[in-house]
Amino acid sequence: MDHEVFSFQDLYSAYIDCRRRKRNTVNALEFELDLGENLLRLHKELNEKSYQPDRSVCFINTYPKPREIFAASFRDRIIHHLLVRKIEPHWEKVFIHDSYACRPDKGTHAAVDRMSRFIQQITHGRRKRAYYLQLDVKNFFMSIDKQILFKILEKGLMRQFNIPLNFISFDHNPDFDAYRELLKTVLFHNPAIYYERRSPIEKWKLLNPEKSLFNCATNFGLPIGNLTSQFFANVYLNELDQFVKHQLKSKYYIRYVDDFIILNEDKFLLEKWHGEIAEFIKEKLKLTLKSDFSLRPISCGINFLGYVQHETHRLVRRRVIGNCESKISKNEFKSQEKKQETINSYTAHFEKADSFRLREKICSIY
């Protein structure tokens, strides 16, 4: 082998990343029974360009609402980490600051804190009236066009490897070619063809048919449950982010996955932007906005990421409180430790809001 594009060290580092959250799963334990041999085989497949994804596990997760999950094998998850580790640094330079899902040092709490600062700035501390427009994409993950996404990812990869965008042949750069082929293999793999079903088929009746990968057209839809899907989703909607920031020139814009909010002093300008955004994502990304949206004064409160953000304070959404009480009161935990982990998770969420009495109540009851 004259040139190894994928080093064993890079593959091992991807394995270490992968096992942090999946080490005690059956899939991971089986892989680790013969770790050296399995990694060597995977390393060989990558460099010989013979790697193909394995069977996924498919099931319905009903909490907090029905979702179809395709969980890749541990072996394939290592590849996902390897790929994202390689291309993420380039995209982190491209992404706008106010995209908060599945990114280093971001997340829901950072997003709501940023929203709070935006509100204070645009209202000048409640001295000025302003509005918010809240939109999200209809059936986002199932509506992603893989052909469009691949072209976006390919351009990013070309920039990363310093290849002119008008170049026709890639044969001169084996590293670029190898990563391009791996990207194509991972992206265009359809887990709905080769899978193991872990939920009774009746559970799919709980799911809107439009939210199932089984009902997607060819080369449409990303499986929920994979690291690459989360990362690719950010790349796809980066097109929207750039449009809002640089074409509409919105100063106050935040996106978390496909839920996004724009603040402005002019209600009629927000109405105009609503139409322009709908047209842009339809023409550029083949996406559609949900018909229900919010265009209201900020003083009414903004329902975002499990909180209701007001000008002076932040409250926990009633639905989140209800989910917490329901989940804990059912007492279906496998151990007291798991129950305590759930309580701690909800408490951490509540702590980001004005919720002293609520936390006191949860702690005293449970």
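Predicted model: local features only at pLDDT ≥ 70, side-chain atom pairs only at ≥ 80, totals over all residues.

Reader: In which helix does L40 lie, and what makes L40 count as partly exposed?

Author: L40 lies in helix α3, which spans residues 35–47. Its relative accessibility is 47%, and since buried means under 20% and exposed means over 50%, with partly exposed in between, L40 counts as partly exposed.

Reader: Which residues make the nonpolar surface patch, and how do you know that L40 can belong to a patch?

Author: The patch, of about 260 Å², is made by F8, Y12 and L40. Patch residues need over 30% relative accessible area, and L40 has 47%.

Reader: What makes the buried residues of helix α2 line one face?

Author: In α2, residues 26–33, the buried residues are A28, F31 and E32. Seen down the helix axis they fall within an arc of 95°, and therefore they line one face of the helix. The face turned away from this buried side carries the exposed residues V26, E30 and L33.

Reader: Why are β2 and β4 said to stand at the edges of the sheet?

Author: The sheet is open and has three strands in the order β2-β1-β4, with mixed pairing. Because β2 (67–71) and β4 (195–197) each have a single partner strand, one side of each is left without a neighbour in the sheet. Neighbouring strands here are turned by 30° against each other on average, direction ignored.

Reader: How do you know that β1 and β2 count as paired?

Author: Pairing requires at least two bridges, and β1 (residues 56–61) and β2 are joined in the antiparallel sense over five bridges. F59 stands opposite I69 in β2.

Notes
Residues numbered from 1 in each chain as written. Heavy atoms only, no water. Patch = residues over 30% accessible without salt bridge, like charges linked within 9 Å, V, L, I, M, F, W, Y side chains within 5 Å. Areas by Shrake-Rupley, 256 points an atom, 1.4 Å probe, with all protein chains shown as cover. Salt bridge = Lys/Arg side-chain N within 4 Å of Asp/Glu carboxyl O. Helix = DSSP H or I, 4+ residues; strand = E, 2+ residues; numbered from the N terminus. Buried < 20%, exposed > 50% of the residue type's maximum accessible area, 1.4 Å probe, protein only. Axes fitted to C-alpha atoms, helices over the stretch in contact; angles between N-to-C directions. Arc of directions from axis to C-beta.
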